[in-house]
There are 2 protein chains.
Amino acid sequence: MEGQVLQKSKLAKCAAAKLAILSTEVKNNALLSMAKSLREKREDILAANETDLINGRKQGLSQAMLERLLLDEQRIESMATGLEEVALLPDPIGSMTGVTCRPNGLQIGKMRVPLGVIGIIYESRPNVTVDAAALCLKSGNAVLLRGGSEAINSNIAIAQIIAQAAKNVGVPDGAIQLITTTEREAVEQMMTMNEYLDVLIPRGGAGLIQTVVKNATVPVIETGVGNCHLYVDSSANLEMAKKILINGKTQRPAVCNALETLLVHQDIAEEFLSIAAKALQDKNVEIRGCAKTREILSDVREAAEEDWAQEYLNLLIAVKVVENIEEALEHISCYGTGHSEVIITENYSHAHLFTSRIDAAAVYVNASSRFTDGSEFGLGAEIGISTQKMHARGPMGLEALTSNKYVIWGQGQIR
Amino acid sequence: MEGQVLQKSKLAKCAAAKLAILSTEVKNNALLSMAKSLREKREDILAANETDLINGRKQGLSQAMLERLLLDEQRIESMATGLEEVALLPDPIGSMTGVTCRPNGLQIGKMRVPLGVIGIIYESRPNVTVDAAALCLKSGNAVLLRGGSEAINSNIAIAQIIAQAAKNVGVPDGAIQLITTTEREAVEQMMTMNEYLDVLIPRGGAGLIQTVVKNATVPVIETGVGNCHLYVDSSANLEMAKKILINGKTQRPAVCNALETLLVHQDIAEEFLSIAAKALQDKNVEIRGCAKTREILSDVREAAEEDWAQEYLNLLIAVKVVENIEEALEHISCYGTGHSEVIITENYSHAHLFTSRIDAAAVYVNASSRFTDGSEFGLGAEIGISTQKMHARGPMGLEALTSNKYVIWGQGQIR
């Protein structure tokens, strides 16, 4: 096992040097060819996926996990379309910014370059294998993929198909590699392989992400946990607030940009909570409320301390009545995870205060937290949503997978 | 001891929230007031520094270390001037970039924000206390400083003076703090304080930096180690090459952007090495050469394998004759530390090949590696030179101490 991770990492590092200067044309050809190959060999993928599903049922995976694991014609088509979309995105590599001429005549600018070798550690969904490989390839990086053991057969089939398709049109060998052992030690090894890996991106549940953050010596980009708040100010348009609340909580409750807590200004609490409670009830959302909420909504269960901190990811919402915007800001600062935070207000100063004070990847005035997404933000595809402040924050597109180098043109200058 | 680091980290985190929205005016007033206070209280600083020097001599510190530790009127004046220069730099915080309007009417932009709390772990030079505090303050960050034990009295005096001066004009308490215990455990604690510290920047020798990189769970910005190469191509202007060689090797040999290895194309090796050897000799630089070098320069000592990997930081240089530019690129890829690399050439294609292939923070054509420096690059002051690819690469000015957040203005949009 040790052999495999080390060997693939070394090969990836060799590939990275060649990928860094690979032409956009070859990279795009490879993406299109990968899409074509996925479609042509879909039967192989479906057969491998069937094996994973059978094993999963034997091992008693939950229905939700089996659903995430499942591939069908439509999902394979959507992976292929995703590859074609990445081919259409502009190539970030080689572009230069900030070229200036210094007083001594030196011309200095920043050239965008790949990070090098990117390790992706992820769970169940096999489509991540394709998405991650596509974004890494387009940004000139080699990728070392490590998917969940429950999807191992699907991932092996997919990785083999796309890696071969890429290689056939001139992408260096080793550019796209999957770790095929399911032993946990493989992950531990990846986390400390500073010599070969430039960055690790964990994608999955909070447990996986925290394990990687706490144990990796390779730089990590932390993605995903979102305890997102909606604050309805005293001056809010309540009809708008209701729509954004229902959208944020119920359109797709299991994702990181879904709402988890509603904060309501006391002056409009009675009116708004009655409207909100009815709308939430219609969507089968259970409310956990603070004492003041329960004075207004008598049949609501009491929110415990842990409710404020929890990312429910399902049809539950914590509700708190606050005295003023200051209390809302403090609550968010205390319990928020720095993902997406929303204010609904018609008050100019409060909108300004909220956007300047909230410390999160995305801060919204009068719009749904559900927009925190690479394609909604206009970045094209995304590799994840960073909740850290270093390197990249918020939805990460191709640019988040790059670095830069200074290039300096002189005519013999010395100091 | 544990108490102190934890307590100061918590206070720093509180201060950071206030610093993030502190006006440029207050920050600049504070910087000017810190400068004034340093000048007024220079006797206190010199007295504390004298204690450190006495202790250092007792402990047998090397002459070089004592020299780095030494403060005098001029050095204090230069710290004060540094503060005034930072006050003149534009404030990066609050500026917005990339504001676009999405098809659904959402306006989305990136607002520049501070990182939060920055930990700086550094060695001997007490001026780092002032420089780091100034850059962190201007960029709206709280800073937790941990200097070397040999400079503890100087650092305590300086930190006390500047923190008080800042506080007097409205900077939140806890914005600038020094860890006053010299126990090693304090550093270990800082390295794992993910809840309170947003980033660690080690400044010092390779040993310190590697310790932090290997052991910290807090994100680290790696600075400094520079095994820099000068490649003299067959088409080089040899007079220019000589000047840049001497400047890179001898103008300030102890710094990270100084040259450590000279690579010479075989076609001009005989001519150039005779010129170079004489010029290096005049500056008392010892040469360690490869076999081919020693055929040309008979009295040169043989370079061992470790010479190619070493950052001498003094009057020594390793010299290798290469067959062609490919061999030069491979040598640099194998032994370089990704800091600064130089080609001297009149050949357009070789200049292009070198700038695209070399993977380093700064890549030069026909100019001295000594220019890799924040103020030479036009960034104003610098907090260090990053040799990593994540977040910041090359000289780091104020912008490297910031992150961003997406701000989204809507009119009720939902998905």
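Which strands, and in what order, make up the open sheet of 10 strands? The order is β1(A)-β2(A)-β16(A)-β13(B)-β12(B)-β7(B)-β8(B)-β11(B)-β9(B)-β10(B), and the pairing is mixed. This is a predicted model.

At the edges stand β1 (96-101) of chain A and β10 (301-302) of chain B. Each has a single partner strand, so one side of each is left without a neighbour in the sheet. Strands of a sheet pair through backbone hydrogen bonds, either parallel or antiparallel.

Within chain B, strand β7 (residues 228-232) and strand β8 (residues 259-265) pair in the parallel sense over 5 bridges. B:Tyr231 has B:Leu263 in β8(B) as its bridge partner. Helix α15(B) packs on the sheet. It touches β16 (402-413) of chain A, together with β12 (340-344) and β13 of chain B. The direction of α15(B) makes about 160 degrees with that of β13(B).

**Where the chains meet**

The contact takes 54 residues from chain B and 54 residues from chain A. On the side of chain B that touches chain A, the elements giving two or more residues are α9 (206-215), α10 (238-250), α15 (348-357), β13 (362-367) and β16 (402-413) of chain B. Which of them gives the largest share? It is β16(B), with 11 residues. By class, this side of chain B has 25 nonpolar, 19 polar and 10 charged residues.

Strand pairing also joins β16(B) to chain A: 5 bridges link it to strand β13 (residues 362-367) of chain A, and the two run parallel. Opposite A:Ala362 stands B:Tyr406 in β16(B).

**Chain A: overall dimensions**

Chain A holds 15 helices and 16 strands. Its C-alpha atoms fill a box of roughly 70 × 70 × 35 Å, taken along the principal axes. Why does the radius of gyration of chain A agree with a compact globule? A compact globule of 415 residues would have a radius of gyration near 22 Å, and chain A has 24 Å, which agrees.

**Helix pairs**

| Helix pair | Axis separation | Angle |
|---|---|---|
| α2(A) and α7(A) | 8 Å apart | about 135 degrees |
| α10(A) and α11(A) | within 10 Å | roughly 40 degrees |
| α5(B) and α6(B) | within 10 Å | roughly 10 degrees |

Take helix α2 (residues 24-40) of chain A and helix α7 (residues 152-168) of chain A, which pack at an angle of about 135 degrees. That makes α2(A) oblique to α7(A). Their crossing is right-handed. From α2(A), the contact is made by A:Ala30, A:Ser33, A:Met34, A:Ser37 and A:Leu38. From α7(A) come A:Ile161, A:Ile162, A:Ala165, A:Ala166 and A:Asn168. The contact of α2(A) with α7(A) has 7 nonpolar, 3 polar and no charged residues.

Next come helix α10 (residues 238-250) of chain A and helix α11 (residues 266-282) of chain A, whose axes cross at roughly 40 degrees. That makes α10(A) oblique to α11(A). The crossing is right-handed. A:Leu238, A:Ala241, A:Lys242, A:Leu245, A:Ile246 and A:Lys249 belong to the α10(A) side. They meet residues of α11(A) that include A:Ile268, A:Glu271, A:Phe272 and A:Ile275. The contact of α10(A) with α11(A) has 10 nonpolar, no polar and 3 charged residues.

In chain B, the axes of helix α5 (residues 73-88) and helix α6 (residues 127-138) cross at roughly 10 degrees. α5(B) and α6(B) are therefore roughly parallel to each other. Residues of α5(B) in this contact include B:Arg75, B:Met79 and B:Leu83. Among those of α6(B) are B:Val130, B:Asp131 and B:Lys138. The residues of this contact divide into 6 nonpolar, 2 polar and 3 charged.

B:Leu145 stands opposite B:Leu178 in β5(B).

Technical notes:
Residues are numbered from 1 along each chain as its sequence is written. Chains are lettered from A and ligands numbered from 1 in the order in which they are written. This is a predicted model: local features need pLDDT of at least 70, side-chain atom pairs count only at pLDDT 80 or more; totals for chains, interfaces and linings use all residues. Axes are lines fitted to C-alpha atoms, for helices over the stretch in contact, and angles run from 0 to 180 degrees between N-to-C directions. Helices (H or I, at least four residues) and strands (E, at least two) are DSSP runs, numbered from the N terminus. Angles under 35 degrees count as roughly parallel, over 145 as roughly antiparallel, 65 to 115 as roughly perpendicular and the rest as oblique. A crossing is left-handed if the near helix is turned anticlockwise from the far one by less than a right angle, and right-handed if clockwise. Two residues are in contact if their C-beta atoms, placed from the backbone, lie within 7 Å. Ala, Val, Leu, Ile, Met, Phe, Trp, Tyr, Cys and Pro count as nonpolar, Asp, Glu, Lys and Arg as charged, and the others, Gly among them, as polar. Two strands pair if DSSP finds at least two bridges between them. The radius of gyration is taken over C-alpha atoms; the globule rule is 2.2 Å times the number of residues to the power 0.38.
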